[in-house]
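The sequence and structure come first.

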Amino acid sequence: MSGEINENRGSGEAAGHDDGIRGTARGSAPVPLSVLDLVTVGAGSTASGAVRTAVEIARTAERRGFHRYWVAEHHSMPGVASSSPAVLLAHLAAHTDRIRLGSGGVMLPNHAPLVIAEQFGTLEAMAPGRIDLGLGRAPGTDGATAAALRRTRQLHEGAEEFPEQLAELTRFLDDSFPDGHPYASIHAVPGPVQATAPGGVQSAHRPPLWLLGSSGFSARLAGSLGLPFAFAHHFSAANTLPALDLYRASFRPSAVLSEPYALIGVAALAAEDEREARRQVMTGALSMLRLRTGRPGLIPTPEEAEAHRFSEVERGFVDNWLGNVVHGTPDAVRQGLDDLAKRTGADELMVTSNAHGSGARLRSYDLIADAYGM
């Protein structure tokens with residue numbers, strides 16, 4: 001049932017787990033806290049600046065005890081510089097030492113499974129034991145851009161295609177196609193085949209798979225396969241409890257997990273005072289309004305957001321959007337995150353701070369960590 005709390009959830013190290021999935025709550029946090037970064041580009045800034053900020057956020061997250069740092073695949077959005085998660089993760093791996101790094105997520109239908117297996121096998125070689133492979137079913141963009149990515153007008157992300165694509169990717173990662181399969185002689189490298197070659201020695205690690213979702217499809221699939229599940233609460237809050245219930249009800253123990261493990265993405269931003277927090281989150285709200293109305297652009301400045309004249313319909317959208325953004329003073333954000341963890345029974349909270357400037361976002365993660373004594 002939603003809201004039921006497992007007293008041991010999030011206590012991976014204390015419980016003796018070392019599966020690369022379950023984390024450890026730090027300080028007084030109710031569950032492990034992690035970071036989702038869209039590598040946003042603000043008005044007056046550049047993609048190079050956004051990548052530098054991503055490195056700063058990843059380092060801050062590592063220093064402050066956040067469990068993992070993920071980037072998400074988006075395309076054709078001027079304000080988001082995370083179109084190539086594997087490239088970004090390679091850069092971040094070179095600038096961090098301990099924190100888990102991963103995709104939240106790679107949109108599987110956009111890519112050949114072999115390519116993803118090769119990319120994340122390479123990342124695993126760069127940062128052994130620190131890489132997560134989160135997979136989504138949506139295109140991460142509009143239909144025309146998805147068609148350009150895939151070189152086809154026939155988009156494959158339905159009830160039949162996605163599980164087949166997932167199974168193919170898993171077999172490439174594990175090098176486990178059966179004899180007689182058309183791909184039996186094809187190997188994702190770096191990968192397990194290197195351990196079986198004469199003189200070969202290969203790490204036993206391979207990136208754990210996560211399924212991402214904003215509805216029930218991936219929740220049910222993740223449960224049936226015994227995989228960890230990440231839900232996009234930050235933009236699909238109305239579906240959070242039904243999806244988590246479905247995941248838990250569908251869960252079947254696997255070699256990966258003996259019990260469900262679900263994280264939820266949470267939009268949150270802390271500032272020294274409530275007014276400044278509101279001022280910062282309004283930049284993200286205006287950006288989302290423009291995206292949803294077909295006018296994607298750079299993240300506006302706080303001054304631009306303050307000067308914007310919202311229509312009644314726009315104001316309704318913004319108010320509804322901000323109703324699912326945990327923002328305010330550090331104490332208020334801590335209380336909001338605590339309440340959300342209790343209400344959903346999530347095993348992990350993945351915080352995303354969508355605002356214009358790097359300073360506000362970096363400061364927010366520090367303030368949240370301070371609030372929990374991390």
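## Helix α12

Contact here means heavy atoms within 4.5 Å. The model is predicted. In it, helix α12 spans residues 330–344. Its 15 residues reach 21 Å from the first C-alpha to the last, close to the 21 Å expected at 1.5 Å a residue.

Which residues of α12 are buried? They are Pro 330, Val 333, Leu 337, Leu 340, Ala 341 and Thr 344. These residues lie on the same side of α12, because they cover an arc of only 100° around the axis. An α-helix has 3.6 residues a turn, so residues three or four places apart point the same way. The cover over the buried residues of α12 includes helices α8 (240–250) and α13 (358–371), together with strands β7 (262–270), β8 (325–328) and β9 (348–352). After α12 comes Gly 345, with a positive phi near 70°.

## Helix α1

Helix α1 takes in residues 47–64. It has 18 residues and reaches 25 Å from its first C-alpha to its last, close to the 26 Å expected at 1.5 Å a residue. Its buried residues include Gly 49, Ala 50, Thr 53, Ala 54, Ile 57, Ala 58 and Ala 61. Glu 62 and Arg 64 of α1 are also buried.

Among the elements that cover the buried residues of α1 are strands β1 (33–37) and β2 (68–71) and helices α2 (85–94) and α13.

## Nonpolar cores

The largest nonpolar core has 85 residues. Tyr 69 and Leu 337 have the most contacts inside it; Leu 337 is one of the buried residues of α12. Leaving out residues up to four places away in sequence, Tyr 69 touches residues including Val 35, Asp 37, Leu 92, Arg 100 and Gly 102. It also touches Ala 54, Ile 57 and Ala 58, which are buried residues of α1.

Another core, of 17 residues, lies apart from the largest one and includes Leu 269, Ala 277, Val 281 and Trp 321.

## Aromatic pairs

The model holds 11 aromatic pairs. One of them is edge-to-face because the rings of Phe 162 and Phe 217 have their planes at 70°, with centres 6.4 Å apart, and planes over 60 degrees apart count as edge-to-face. This pair links distant parts of the chain, with Phe 162 in helix α5 (residues 161–174) and Phe 217 in helix α7 (residues 216–225), 55 residues apart. Phe 162 is buried at 0% relative accessibility, whereas Phe 217 is partly exposed at 23%. Arg 137 lies over the face of Phe 217, 3.9 Å from the ring centre.

Tyr 247 and Phe 251 form another edge-to-face pair, 6.0 Å centre to centre with 80° between the planes. Tyr 247 is buried at 0% relative accessible area, and Phe 251 is buried at 9%.

## Backbone exceptions

Most residues other than glycine have a negative phi, and most peptide bonds are trans. Where are the cis bonds reported here? One joins Gly 104 and Gly 105, with omega about 5°; Gly 105 is in strand β3 (residues 100–107). Another runs from Val 189 to Pro 190, with omega near 0°, and Pro 190 is in the loop between α5 and α6 (193–196).

Val 39 has a positive phi near 50°. It is in the loop between β1 and α1 and is buried, at 1% relative accessible area. Ser 76 has a positive phi near 60°. Ser 76 is in the loop between β2 and α2 and is exposed, at 54%.

Definitions and conventions:
Residues are numbered from 1 along each chain as its sequence is written. This is a predicted model: local features need pLDDT of at least 70, side-chain atom pairs count only at pLDDT 80 or more; totals for chains, interfaces and linings use all residues. Side-chain values use heavy atoms; hydrogens and water are left out. Rings of Phe, Tyr and Trp (its six-membered ring) pair if their centres lie within 6.5 Å; planes under 30 degrees apart count as stacked, over 60 as edge-to-face and the rest as tilted. Helices (H or I, at least four residues) and strands (E, at least two) are DSSP runs, numbered from the N terminus. Buried means under 20% relative accessible area, exposed over 50%, partly exposed in between (1.4 Å probe, protein chains only). A charge sits over a ring if NZ of Lys or CZ of Arg is within 6 Å of the ring centre and within 35 degrees of the ring normal. The expected span of a helix is 1.5 Å times one less than its number of residues. The arc is that of the directions from the helix axis to the C-beta atoms. A nonpolar core is a set of buried Ala, Val, Leu, Ile, Met, Phe, Trp, Tyr and Cys residues joined through side-chain atoms within 4.5 Å.
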